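Here is my note on the model you sent.

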Amino acid sequence: MVAGSHYREGKPEEDVARLAEELEVGLIVIGSREVGRFGSLLATSFSEAVYRRARCAVLVVRGPKA
């Protein structure tokens with residue numbers, strides 16, 4: 001069941017953190033994939049960017065290796 005949806009334009013990681021503040025949520029749950037040893041060195045992942053910007057707790061759920 002979907003309780004609601006929100007449309008935003010811009011940088012997704014900033015929008016997720018901003019929306020969490022607006023809705024006064026206590027926890028953001030976000031998925032992540034294993035990118036390997038060197039993949040994480042080359043670029044910041046979306047989940048890491050949300051974690052850095054959010055002012056509430058962030059739970060990152062990792063899926064299996066591809």
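A salt bridge here is a side-chain nitrogen of Lys or Arg within 4 Å of a carboxyl oxygen of Asp or Glu. By that rule, the structure holds five salt bridges. Please keep in mind that this is a predicted model.

1. **Overall layout.** The protein has three helices and two strands. Along the sequence they follow the pattern α-β-α-α-β. Of the 66 residues, 20% are buried. The protein exposes about 5600 Å². Carbon and sulfur atoms supply 54% of that area.

2. **Contacts across the sequence.** Take the contacts between residues at least 6 apart in sequence. Of these, 67% join residues at least 24 apart.

3. **The Glu22 and Arg8 pair.** Glu22 forms a salt bridge with Arg8. Their closest N and O atoms are 2.6 Å apart. Glu22 lies in helix 1 and Arg8 in the segment before helix 1, so the pair ties together parts that are 14 residues apart in sequence. Both partners are partly exposed: Glu22 has a relative accessible area of 49%, and Arg8 has one of 34%.

4. **The Glu14 and Arg53 pair.** Which residue does Glu14 meet in a salt bridge? The partner is Arg53, with the closest N and O atoms 3.8 Å apart. Because Glu14 lies in helix 1 and Arg53 in helix 3, this pair ties together parts that are 39 residues apart in sequence. Glu14 is partly exposed, at 26% relative accessibility. Arg53 is also partly exposed, at 37%.

5. **A pair inside helix 3.** Arg52 and Glu48 meet through their side chains in a salt bridge, at 2.6 Å from N to O. Both residues lie in helix 3. They are four residues apart, about one turn of the helix. Arg52 counts as exposed, at 58% relative accessibility. Glu48 counts as partly exposed, at 31%.

6. Helix 3 covers residues 46-53. Which of its residues are buried? They are Ser47, Ala49 and Val50. Seen down the helix axis, these buried residues fall within an arc of 160°, so they line one face of helix 3. Tyr51 and Arg52 are exposed on the other side.

7. **What the buried face packs against.**

8. **The core.** In soluble globular proteins, nonpolar side chains tend to be buried together. In this model, the largest nonpolar core has six residues. They are Ala20, Ile28, Ile30, Val50, Ala54 and Val58.

9. **Ala54.** Where does Ala54 lie? Ala54 is in the loop between helix 3 and strand 2. Is Ala54 buried or exposed? Buried means under 20% relative accessible area. Ala54 is at 15% relative accessibility, so it counts as buried. Leaving aside neighbours within four places in sequence, Ala54 is in contact with Ala17 and Ile28. The C-alpha atoms of Ala54 and Glu21 are separated by 8.0 Å. Along the chain, Ala54 and Glu21 are 33 residues apart.

10. **A nonpolar patch on the surface.** Some nonpolar residues sit on the outside. Leu27, Val29, Leu59 and Val61 form a nonpolar patch on the surface. Together they have about 350 Å² of accessible area. Strand 1 and strand 2 are the elements that give two or more residues to the patch. Leu27 is found in strand 1. Leu27 is partly exposed, with a relative accessible area of 47%.

11. **Points to check on screen.** Finish with the two strands, which supply the surface patch of Leu27, Val29, Leu59 and Val61.

Methods: Residues are numbered from 1 along each chain as its sequence is written. This is a predicted model: local features need pLDDT of at least 70, side-chain atom pairs count only at pLDDT 80 or more; totals for chains, interfaces and linings use all residues. Side-chain values use heavy atoms; hydrogens and water are left out. Buried means under 20% relative accessible area, exposed over 50%, partly exposed in between (1.4 Å probe, protein chains only). The arc is that of the directions from the helix axis to the C-beta atoms. Patches are made of residues with over 30% relative accessible area and no salt bridge: like charges are joined within 9 Å, nonpolar side chains (Val, Leu, Ile, Met, Phe, Trp, Tyr) within 5 Å. Accessible areas come from the Shrake-Rupley method with a 1.4 Å probe; for residues, only the protein chains shown count as cover. A nonpolar core is a set of buried Ala, Val, Leu, Ile, Met, Phe, Trp, Tyr and Cys residues joined through side-chain atoms within 4.5 Å. Contact means heavy atoms within 4.5 Å.
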